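Please keep the sequence and the model in view while reading.

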Amino acid sequence: MRIYDIIKKKRDGFALSKEEIEFFIKGYVDGSIHDYQASALCMAIFFQGMNERETADLTLAMAHSGDTVDLSRFGDLTVDKHSTGGVGDKTTLIVAPIVSALGCVMAKMSGRGLGHTGGTIDKLESIEGFNTALSPDEFFSQVEKNGVAVVGQTGNLTPADKKLYALRDVTATVDNLSLIASSIMSKKLAAGSHTIVLDVKCGSGAFMKTPEDAKELAEAMVKIGNNCGRNTAAVITNMDRPLGNNIGNSLEVIEAIDVLKNNGPEDLKEVCLTLSSEIVSLSKNISVDEARKLTEEVLVSGKAFEKFKEWISSQGGNAKWIENTDLFPKAEHTYEIKAENDGYISKMDAEKIGIASVILGAGRETKEDTIDMSAGIVLNKKTGDKVEKGDILATLYSCNEKSFNSSKEKFLSALDFSEKPVSEKTLVWGIIK
């Protein structure tokens, strides 16, 4: 078998066999297939596409290209949740304790933020003492004890995906449905959970800009998961505005704690309850309505908040910070952005708002950048809200006062105003199973 023949076959529009796909992945990981050959095949796939069977074969080949996590000791109640990335998306911090309080087992690996979207691991590390680098034995012990653990991704999990994604990023071959779906699902399959629920973001702050594109990606990923023997569903959620009001690491943790105390923004709470209900429904084989009642009960009763404290403490986090969020370090400087005219916010570009938070120090432009955990933005007004001249639109937080002017400029460029009232867009576009 030769990589030349595989490239030519896909270039000419033919489907690749399972053996050919496995040969490519194995050779690319061990170095016998070079970057220029892999990029040629990616470009052929980009133009010719892959069918459903090819996409599943590619996903499984990447999932088994390195380490895999064996969660079989925990039975069929193991669950995972993945977000395609958004602004203000702190859902894992809320969903994990809700579902684990109901007996689901969430042994999860998460990533760091890069660009305008935040990372769950960065948010958790804003809590004093929290350890995201557990050893395998510590990880399994934590899951056994509490039913929940979230750690950084292992260095040898899906190495094929790491290499391929880096290559696609510089060869203009990222935007292909099969390559996107297999990239995401290979990591989920390698992580070992029996139930996978995907939060597919849609809108200005998301990778998928339209509901149609988001639905297509969601359907592709759900098919992969189901074909590989996992309970899989996807919830398509609105990212035409940030989720919740707080953007930035410690600010988002504080807001997540507020929701776990059954307070906080309604949009964030609703998305978390929707995701949690799907997870509980699939893993326990009960109706979504029954699962929804259970998730609401553990939130209202305080059981989810208690589970959150238990989880954070077990991974070394300072539980006093969870009880009293005033203990989180505060940004040295704040700046209020005020409305210059009367009107209604008709549109928010969530990506630009995410970039505005990065300018303040809340995110990374490159992997080497250091994050200011206290930096970020708290929104006072969102899409559909009426504003009067002088009203506070948002408050900026940073330890770098010089960042305020650039951040304010970027933030204001993200807003459109109308003289007439506008309706908010749908929060949940649909659920794919």
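A charge is said to sit over a ring if NZ of Lys or CZ of Arg is within 6 Å of the ring centre and within 35 degrees of the ring normal. By this criterion R73 lies over the face of F140, at 4.1 Å from the ring centre. A second case is K386, whose charged end sits over the ring of Y344, 6.0 Å from its centre.

The model is predicted, and local features need pLDDT of at least 70, side-chain atom pairs count only at pLDDT 80 or more, and totals for chains, interfaces and linings use all residues. Residues are numbered from 1 along each chain as its sequence is written, and side-chain values use heavy atoms, with hydrogens and water left out.

F140 also belongs to an aromatic cluster, which F74, F139 and F140 form. Here rings of Phe, Tyr and Trp (its six-membered ring) pair if their centres lie within 6.5 Å; planes under 30 degrees apart count as stacked, over 60 as edge-to-face and the rest as tilted. The count by this rule comes to 8 aromatic pairs.

How many helices and strands does the chain have? There are 17 helices and 13 strands, where helices (H or I, at least four residues) and strands (E, at least two) are DSSP runs, numbered from the N terminus. The radius of gyration of the chain is 22 Å, close to the 22 Å that the globule rule gives for 433 residues, so the chain is as compact as a globular protein of that length. This radius is taken over C-alpha atoms, and the globule rule is 2.2 Å times the number of residues to the power 0.38. The C-alpha trace spans about 70 × 45 × 40 Å along its principal axes.

The next topic is empty space. Rolling a probe the size of a water molecule over the atoms shows where empty space is left. On a 1 Å grid over the protein atoms alone, a cavity is a set of points where a 1.4 Å probe fits but cannot get out, whereas a pocket is an open set with protein on both sides within 12 Å along at least five of seven lines; lining residues have an atom within 4 Å of a point. Grid points are joined across faces, edges and corners, and a volume is the space filled by probe spheres set on the points. The second largest pocket holds about 230 Å³ of space. It is lined by 15 residues, of which M109, L134, P136, F139 and T154 are the closest to its centre. Helix 7 supplies the largest share, 3 residues. The lining divides into 8 nonpolar, 5 polar and 2 charged residues, with Ala, Val, Leu, Ile, Met, Phe, Trp, Tyr, Cys and Pro counted as nonpolar, Asp, Glu, Lys and Arg as charged, and the others, Gly among them, as polar.

Burial comes next. Buried means under 20% relative accessible area, exposed over 50%, and partly exposed in between (1.4 Å probe, protein chains only). Buried residues make up 55% of the 433 residues in the chain. One of the buried residues is G225, at 0% relative accessibility, which lies in helix 10 (residues 211-227). G225 and T59 are 166 residues apart in sequence, yet 9.6 Å apart in space, C-alpha to C-alpha. In helix 12, I279 is likewise buried at 0%; its C-alpha atom is separated by 8.4 Å from that of A233, 46 residues apart along the chain.

Two loop residues close the account. Most residues other than glycine have a negative phi, and most peptide bonds are trans. N262 has a positive phi, near 65 degrees, and its place is in the loop between helix 11 (249-260) and helix 12 (266-284). Is N285 buried or exposed? N285 is exposed, with a relative accessible area of 72%, whereas N262 is partly exposed at 27%. N285 has a positive phi of about 55 degrees and is found in the loop between helix 12 and helix 13 (288-301).
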